[in-house]
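Subject: Structure handover

Hello,

Please find the structure below, with notes on what turned up in it. Questions are welcome once you have had a look.

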Amino acid sequence: MKIHIINGPNLNVLGKREPEIYGYTNFKDYFTELQFKYKNIELSYFQSNIEGELISELQECDDVDGVILNAAAYTHNSIGIADAIKTISTPVIEVHISNTHQREDFRKHSFITPVALGCILGFGLKSYELAIKSFTDD
Ligand code: DQA
């Protein structure tokens, strides 16, 4: 099984970015842990701070079995990313590290949720692992 993780803006600086909200772990370190733990799954990872690059990456995802997407701030304003998800047949799980519903009002709306298979949020980096499990566990 192939699962592709796509992270949006500012998730390249996890570990030093608002650690009281997002924790102290760098995503690449976490990704290495995931690869070690889920050796039977072909995990890949892409991050960009640029909306168009995230859209192009999603358009290339037809050959994977599942996408785990944290669109970060674009969650709340990107119709383009939502349209890209609708373009591909691959299921996309939306994840967030923080519980966006406990935060500012502008984080409560997601353009991704209506077009995603499901949404996992608020479990810290574990949100990504829960998404992997929901693609793989019966
Ligand atoms: C986030 C939540 C977003 O509101 C925020 O803009 C992010 C990270 C999360 O994972 O909790 O960059 O997607």
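Two strands are taken as paired if DSSP finds at least two bridges between them. On that basis, an open sheet of five strands is present, in the order 2-1-3-4-5 and with parallel pairing. Strand 2 (42-47) and strand 5 are the edge strands; each has a single partner, so one side of each has no neighbour in the sheet. On average, and ignoring direction, neighbouring strands of the sheet are turned by 20° against each other.

Please keep in mind that this is a predicted model. The protein chain has an average pLDDT of 97, and 99% of the residues score at least 70. The model's ipTM is 0.99 and its pTM 0.97.

Strand 4

Strand 4 (92-96) is joined to strand 5 (118-121) by four bridges, and the two run parallel. One of the pairs there is V95 with I120 of strand 5. With strand 3 (66-70), strand 4 pairs over three bridges, also in the parallel sense. Here V67 has V92 of strand 4 as its bridge partner.

How much of strand 4 is buried? Five of its five residues are. Both faces are covered, with V92, E94 and H96 buried on one side and I93 and V95 on the other. Helix 5 (126-136) lies across strand 1, strand 3, strand 4 and strand 5, and runs at about 160° to strand 4.

The nonpolar core

Nonpolar side chains tend to be buried together in soluble globular proteins. In this model the largest nonpolar core has 27 residues, and I68, I81, I85 and I112 touch the most other members. At least two residues of this core come from each of strand 1 (2-7), helix 3 (51-59), strand 3, helix 4, strand 4, strand 5 and helix 5. Helix 4 (79-87) gives the largest share, four residues. Leaving out residues up to four places away in sequence, I81 touches E51, L54, I55, L58, A71, Y74, F111 and I112.

The annotated positions

An unreviewed UniProt entry lists N70, H76, D83, I97, S98 and R107 under "binding site". These positions span 38 residues in sequence, and the farthest two C-alpha atoms are 24.1 Å apart, so they do not all gather at one spot.

H76 sits in the loop between strand 3 and helix 4. Not counting residues up to four places away in sequence, H76 touches F106, R107, H109 and S110.

S98 is in the loop between strand 4 and strand 5. S98 is also partly exposed, with 17 other C-beta atoms within 10 Å. Which residues does S98 contact, leaving aside its neighbours within four places in sequence? They are I21, Y22, R103 and G122.

Regards

Key:
Residues numbered from 1 in each chain as written. Predicted model: local features only at pLDDT ≥ 70, side-chain atom pairs only at ≥ 80, totals over all residues. UniProt positions renumbered as here; feature names shortened; annotations may be inferred. Contact = placed C-beta atoms within 7 Å. Buried ≥ 20, exposed ≤ 12 C-beta atoms within 10 Å, placed from the backbone. Core = buried A, V, L, I, M, F, W, Y, C linked by C-beta atoms within 7 Å. Axes fitted to C-alpha atoms, helices over the stretch in contact; angles between N-to-C directions. pLDDT = per-residue confidence, 0-100.
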